Amino acid sequence: MTPLLEARGVVKHFPVRGSLFGGSQKVVRAVDDVSFVIEPGATLGLVGESGCGKTTTAKLVLLLERPTAGEIRFDGESLATLDAEGLRRYRHSVQAVFQDPYASLSPRMRVGSIITEPLVTNERLSAAELATRLRKVLDLVGLPARAGELFPHEFSGGQRQRIAIARALALSPRLIVLDEPVSALDVSIRAQILNLLKDLQRELGLAYLFIAHDLAAVAHMSHVIAVMYLGRVVETGVARTVAVHPRHPYTKALFAAALPAHPDDSRDDIVLVGDVPSPLDPPSGCRFHTRCPQVMMPRCSTDEPQLACVDARDVACHLYDRV
């Protein structure tokens, strides 16, 4: 089966000046040789600390940025080769839900106009057809039809995120990029939104690219998890396998801090020290070696590990090199 979305060796570098008075130009290595696959109807969870390249990856998928190198394919077609009509179809098929529902919804527009705006812009529908589509998507996200007459400020944070999801559903997409979709919500509301997203996935066959700091939410939502560090994927595999039995030291540290272990499970407590190095000047060799509690010198500082299959997942770490 052809993957719905596939990234192959994707790179995104942002040029910056060396100093206020000129000097040599440097680059921010936001995404550096990242590959992943999203199958139809499945969820890829993308996790990592701030600055690891998750949001830049989302922008590349949404065509808000263009890759410096590498390729993104949708339904087997390279985005770089799509003509104007192909790009229009792609933008229909791929929608987004962002972190702050209040900031992403115009306070001057009624909810009905916010949700149907993509339809008005992209499709020729009568007023009656628009009203029918509006009622349908409002019902899908659990909001009454009268919600279309109100303004965003008249809703709670969780309801506003439902409105943002309804807008994303208006064009009947196949993939939705969810960039921190519950981090701005109260804890009591997060589970409702996550369960809504899972229900919509089952009902509509949606695929998700799910980006979040909340690792418990990622583990709950995802079929596959990819862990990023300083622009690179360091571990990827089936969600439960990665969350419960991580292999890369960075993944172990993330999930040990975020997910409580079962009393019968043995899990090492790993505390990450220091900050993420600058993507302007990433460490040589393994980019995690400056913070890794299991670093092996000098190899980790000189040789860059490649993703290789370890215990039914791919891990980039010299601890598992076949020697």
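Predicted model: local features only at pLDDT ≥ 70, side-chain atom pairs only at ≥ 80, totals over all residues.
View 1. Sorted by class, the lining of the largest cavity consists of ten nonpolar residues and four polar ones, and no charged residue takes part in it.

View 2. The residues that line the second largest cavity are Ala7, Val10, Val31, Val34, Phe36, Thr57, Leu60 and Ile72. Strand E1 (5-16), strand E2 (26-38) and helix H1 (54-61) each contribute at least two residues to the lining of the second largest cavity, and the largest share, three residues, is that of E2. In terms of class, seven residues of this lining are nonpolar and one is polar, while none is charged.

**View 3. Helix H3 (residues 111-122) packs against helix H4 (residues 127-140) at an angle of about 120°, their axes lying 10 Å apart.** At this angle H3 is oblique to H4, and the crossing of the two helices is right-handed. On the H3 side, Gly112, Ile115, Thr116, Leu119 and Val120 take part, and they meet Leu130, Arg133, Leu134, Val137 and Leu138 of H4. By class, the residues in the contact of H3 with H4 comprise seven that are nonpolar, two that are polar and one that is charged.

**View 4. Helix H5 (residues 157-169) and helix H6 (residues 187-204) cross at roughly 20°, and their axes come within 10 Å.** Because angles under 35 degrees count as roughly parallel, H5 and H6 are described as roughly parallel to each other. The crossing in which H5 passes H6 is right-handed. From H5, the contact draws on Gly158, Gln161, Arg162, Ile165 and Leu169, whereas H6 supplies Ile189, Gln192, Ile193, Leu196, Leu197, Leu200 and Leu204. Taken by class, the residues in the contact of H5 with H6 are eight nonpolar, three polar and one charged.

Key
Residues numbered from 1 in each chain as written. Heavy atoms only, no water. Nonpolar A, V, L, I, M, F, W, Y, C, P; charged D, E, K, R; others polar. 1 Å grid on protein atoms, 1.4 Å probe; cavity = no way out; pocket = protein on both sides within 12 Å on 5 of 7 lines; lining within 4 Å. Helix = DSSP H or I, 4+ residues; strand = E, 2+ residues; numbered from the N terminus. Axes fitted to C-alpha atoms, helices over the stretch in contact; angles between N-to-C directions. Parallel < 35°, antiparallel > 145°, perpendicular 65-115°, else oblique. Left-handed = near helix turned anticlockwise from the far one by under 90°. Contact = heavy atoms within 4.5 Å.
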